[in-house]
Amino acid sequence: MIDLRSDTFTLPSKDMMETIMAAELGDDVWEEDPTVKKLEALAADKLGKEAGLLVSSGTQGNLVAEMTHLNRGDGVVLEVESHINLYEVGGLAQICGAYPFLVKGQNGLMDPKDVEAIFTRAYNVHYVEPKLLCLENTHNRGGGKVIPQENIDSLAKIAHDNGASVHIDGARVFNAAVASGIPASRIVKNTDSVQICLSKGLGCPIGSVIVGSKEFIHKARKNRKVVGGGMRQAGIIAAPGIYALNNMIDRLEEDHKHAKIIEKAFLEIPGLKVKDVDSNIIIADLTGTKWTPERVTEAFKKKGILVSKIPGIQPMVRLVTYFGITREDVEKVAEVIPEIFN
Ligand SMILES: Cc1ncc(COP(=O)(O)O)c(C=O)c1O
């Protein structure tokens with residue numbers, strides 16, 4: 001099977017696995033695992049921040065960052081189709097007790113005017129006050145969209161000018177960096193915290209890192225403990241992370257080229273809309289066509305290809321390229337697309 005359901009299906013390479021056996025370990029709750037410390041420092045350095053904290057997943061990383069920025073009853077401004085809003089079990093509400101201000105974007109891109117309108121409402125005793133802005137780059141539901149730098153910078157300025165903090169869900173920020181040619185540290189320069197996933201395009205089996213100021217990470221460490229994220233010999237997770245940050249970023253370019261091959265095949269199908277492919281995610285929008293996500297995923301499956309369905313008012317299918325998906329694989333996918341959509 002060619003599995004394009006998500007880049008989370010990536011498997012670690014032999015070289016990456018070997019780093020686990022060689023890792024020097026200690027108890028990381030006691031801050032005595034040297035490999036974890038090395039990963040956290042490396043991630044912070046790559047993102048231009050003071051400190052980092054290893055967490056178990058992207059969801060945990062976003063949640064711990066939110067807990068660290070927010071008090072109960074605070075407002076959070078975020079895009080309606082963001083991962084934090086749609087796919088993190090409402091942790092913002094159920095754990096942080098925060099109120100979401102949802103902004104409708106264009107494939108994840110929020111209009112600064114909409115964000116400004118929320119942040120600049122005059123004080124009123126009835127209103128929730130927004131204290132955090134959450135961004136996402138690349139934007140998953142936006143079809144792996146690379147959010148333009150001017151947009152990130154202007155949104156961050158609006159939040160900061162109005163006394164709020166900025167968190168960026170950078171699960172795929174290195175895809176954004178490779179696709180745009182803008183260093184990851186520049187992309188996140190005007191944000192206060194960042195979550196990066198090691199277990200997607202970077203090919204690790206587990207883990208994410210959050211980065212920010214020393215003070216932020218000091219506070220976040222306690223919040224991570226609250227949600228059961230204090231891990232002991234976590235160097236076995238950190239070692240592949242170090243390998244990934246040193247060896248797996250530049251190769252993301254290959255995944256993006258592969259995604260373009262699939263995009264091209266979809267674009268040749270009359271009546272089918274495809275979200276612009278900027279990185280490693282391809283979303284075909286089936287709205288107004290005779291195809292349903294169920295039919296399309298079944299048809300792909302019969303050809304030995306797994307893709308994910310996104311049902312709903314706007315029915316879509318999603319394909320994601322990653323380490324382990326070869327040029328031959330994507331060529332096969334491109335070849336069967338006209339057979340499926342005939
Ligand atoms: C944009 C984005 N943020 C966060 C996450 C959550 O990561 P995890 O699955 O490690 O919890 C994902 C996972 O797909 C994602 O796509």
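A: The model is predicted. The residue taken here is Gly230, which sits in the loop between helix 10 and helix 11 (235-247). Gly230 is partly exposed, because 15 other C-beta atoms lie within 10 Å, a count between the 12 or fewer of an exposed residue and the 20 or more of a buried one. Apart from residues within four places in sequence, Gly230 contacts Val29, Arg224 and Lys225. Along the chain, Gly230 is 200 residues from Trp30, yet their C-alpha atoms are 9.3 Å apart in space.

Helix 10 itself covers residues 214-226 and contains Asn223. Asn223 counts as buried, because it has 22 C-beta neighbours inside 10 Å. Setting aside residues up to four places away in sequence, Asn223 touches Val64, Met67 and Thr68. For Asn223 and Leu63, a sequence separation of 160 residues goes with a C-alpha to C-alpha distance of 9.0 Å.

Next come some backbone details. Most residues other than glycine have a negative phi, and most peptide bonds are trans. Glu31 has a positive phi, near 60°, and is not a glycine. Glu31 belongs to the loop between helix 1 (14-22) and helix 2 (34-46). With 11 other C-beta atoms within 10 Å, Glu31 is exposed. Asn107 also has a positive phi, near 50°, in a residue other than glycine. Its place is the loop between strand 4 (99-103) and helix 6 (112-119). Asn107 counts as partly exposed, because 17 C-beta neighbours lie inside 10 Å. The peptide bond from Asn137 to Thr138 is cis, and its omega is near -5°. Thr138 is part of the loop between strand 5 (130-136) and helix 7 (149-161).

At the level of domains, the assignment gives domain 1 (12-247) and domain 2 (252-340). Their centres, taken over C-alpha atoms, are separated by 28 Å. Between the two domains, 16 residues of domain 1 are in contact with 15 residues of domain 2. The side of domain 1 that touches domain 2 is made up of five nonpolar, nine polar and two charged residues.

Another contact joins helix 12 (residues 252-267) and helix 14 (residues 327-340), whose axes come within 8 Å and cross at roughly 10°. Helix 12 is therefore roughly parallel to helix 14, since angles under 35 degrees count as roughly parallel. From helix 12, the contact is made by His258, Ile261, Ile262, Lys264, Ala265 and Phe266. From helix 14, it is made by Arg327, Val330, Glu331, Val333, Ala334 and Ile337. By class, the contact between helix 12 and helix 14 has eight nonpolar, one polar and three charged residues.

Definitions and conventions
Residues are numbered from 1 along each chain as its sequence is written. This is a predicted model: local features need pLDDT of at least 70, side-chain atom pairs count only at pLDDT 80 or more; totals for chains, interfaces and linings use all residues. Domain bounds come from an automatic or database domain assignment. Two residues are in contact if their C-beta atoms, placed from the backbone, lie within 7 Å. Ala, Val, Leu, Ile, Met, Phe, Trp, Tyr, Cys and Pro count as nonpolar, Asp, Glu, Lys and Arg as charged, and the others, Gly among them, as polar. Axes are lines fitted to C-alpha atoms, for helices over the stretch in contact, and angles run from 0 to 180 degrees between N-to-C directions. Helices (H or I, at least four residues) and strands (E, at least two) are DSSP runs, numbered from the N terminus. Angles under 35 degrees count as roughly parallel, over 145 as roughly antiparallel, 65 to 115 as roughly perpendicular and the rest as oblique.
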